[in-house]
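Please read them alongside the sequence and coordinates.

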Amino acid sequence: MVASATTKPGESHSAKMKWHLGSHVRRKGLWFRLRKVLLCVLGLYIAIPFLVRLCPGIQAKLIFLNFVRVPFFIDLKKPQEQGLNHTCNYYLQPEEDVTIGVWHTIPAAWWKNAQGKDQMWYEDALASSHPIILYLHGNAGTRGGDHRVELYKVLSSLGYHVVTFDYRGWGDSIGTPSERGMTYDALHVFDWIKARSGDNPVYIWGHSLGTGVATNLVRRLCERETPPDALILESPFTNIREEAKSHPFSVVYRYFPGFDWFFLDPITSSGIKFANDENVKHISCPLLILHAEDDPVVPFQLGRKLYNIAAPSRSFRDFKVQFVPFHSDLGYRHKYIYKSPELPRILREFLGKSESERQH
Ligand SMILES: *[C@@H]1O[C@H](CO)[C@@H](O)[C@H](O)[C@H]1NC(C)=O
C-alpha cells in the first residue's frame, strides 16, 4: 500500500512524460510518412513519362483500353439479356487467327418475327428494303456497352438495321488490337454486309475512337470507288495526337516539359494515327457530325475543327456536310446523344426517309 502510494505520483508523471514524448514521436512519424508519400508521388510523377517513352506499348494500351470490360458480367452471346430481343450474335473471320463477334439488330417493328430465328434468317433480312447502319464503337467496353445498346434501340426503332462488332482484342473477339486491324475488321464487315444488302443504303456510324476507324474505312472505300451512302461521326476528334493532348488523363501532365516527346511521340511511333483530319480530304459521301458541347472526353472544339476542315474540302463538293452541336444544358456529354429527342428528325433530314417510311 505504502509503496504504491509513494510511487503513484511518479508513475503518473512518467506516464505523462511518455504521452508527451509519444505524441511528439507520432507527429514526427506522421510528417515523416507524409514526406515519404509525397516523395513517392513525385518520383512516380517524374518516372511515368520516362516509362511511357521507353515502353510505347503503354500508350497504345491506354488508347485502345480493350482490356477494360465494362459492364463485366455480360454474356455477349445473349443480346436478349440486354433488352435486344431482335438481335442475333454471330462470328466472322476477317483474317486467319482473327475472329470477331458481331451483333445484328433488325428494325424493331419486326421483333415478333425474329423470335427463335437463326443467323441465316437475319442475313436474309439484310436484303429486305431497310437501310443498314454499320456501327463502329469507341475504346473500352464491348458491343454490349449500355450507351451503345441504347443507341441500337433508337436506330432500330427508326427502321434501320444495326450491325456492330467488337474489333479484334475487344470483348470476345480474338486477335491483337491495332489501328490497321480495327480498320481491316470494319472493312470485312462492310463487305460482308454489302454482299447481302442488295440496293439498300449502307451508312457508317463511328463514335469516339470509332470515328478514327470510320474515316480510315470510308477513305479506303472511296479510294476503291465503293463509298458508303453516308458517314456519321459522333463525338469525333481531329487526330489521335490532338485527342490525347486534350484527354482528361493528360491534364496532370499538360505542362510537363517535353509533353509531346514523352507522351505523343510514342503514340505516333506505335503507328497509331487515327487521322480524321487527313482522311476527310479523301472522302466523298454525305458527312454528318454530331457533338455535345459538354463532351469531357473529346472536346467539342475538336469536332468543330474537323467540320471546318471537311466542309471546304474539294472531296465533298458534291455532298452535304453537316455539323450538329448539342447544347451543354442538355447534358449529353460524351455518350448520351442517343437520348436526344431531336435525333430521329436530324437523321431523317440528313439521310432522307428510310425505305420503309417511303412506302407508307
Ligand atoms: C422486344 O423488343 C421490342 C423492340 O425493342 C419491344 O417493343 C418489345 O416490347 C420487346 N418484347 C418483349 C417481349 O420484351
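By class, how many nonpolar, polar and charged residues does the shell around the ligand have?

1. The model is predicted. In it, the ligand's shell consists of 2 nonpolar residues, 2 polar ones and no charged ones. The residues concerned are Asn85, His86, Ala108 and Trp111.

2. Asn85 places a polar side-chain atom 2.6 Å from an oxygen atom of the ligand. On its own the ligand has 360 Å² of accessible area, of which the protein covers 44%.

3. The sheet is open and has 8 strands, with mixed pairing and the order 1-2-4-3-5-6-7-8. Its edges are strand 1 (87–95) and strand 8 (321–326); each has a single partner strand, so one side of each lacks a neighbour in the sheet. On average, and ignoring direction, neighbouring strands here are turned by 20 degrees against each other.

4. Strands of a sheet pair through backbone hydrogen bonds, in either a parallel or an antiparallel manner. Strand 1 and strand 2 (residues 98–105) run antiparallel and are joined by 7 bridges. Within strand 2, Thr105 is the bridge partner of Thr87.

5. Helix 5 (residues 179–194) lies across strand 1, strand 2, strand 3 (132–136), strand 4 (161–165) and strand 5 (202–207). Its direction is at about 120 degrees to strand 1.

6. Helix 11 (residues 343–351) lies across strand 5, strand 6 (230–234), strand 7 (287–292) and strand 8. Relative to strand 7, helix 11 runs at about 160 degrees.

Technical notes:
Residues are numbered from 1 along each chain as its sequence is written. This is a predicted model: local features need pLDDT of at least 70, side-chain atom pairs count only at pLDDT 80 or more; totals for chains, interfaces and linings use all residues. Side-chain values use heavy atoms; hydrogens and water are left out. Two strands pair if DSSP finds at least two bridges between them. Helices (H or I, at least four residues) and strands (E, at least two) are DSSP runs, numbered from the N terminus. Axes are lines fitted to C-alpha atoms, for helices over the stretch in contact, and angles run from 0 to 180 degrees between N-to-C directions. Contact means heavy atoms within 4.5 Å. A residue is near a molecule or strand if one of its heavy atoms lies within 4 Å of it. A polar contact is a pair of N or O atoms within 3.5 Å; within protein, one must be able to donate a hydrogen and the other to accept it, and residues adjacent in sequence count only if both atoms are side-chain atoms. Accessible areas come from the Shrake-Rupley method with a 1.4 Å probe; for residues, only the protein chains shown count as cover. Ala, Val, Leu, Ile, Met, Phe, Trp, Tyr, Cys and Pro count as nonpolar, Asp, Glu, Lys and Arg as charged, and the others, Gly among them, as polar.
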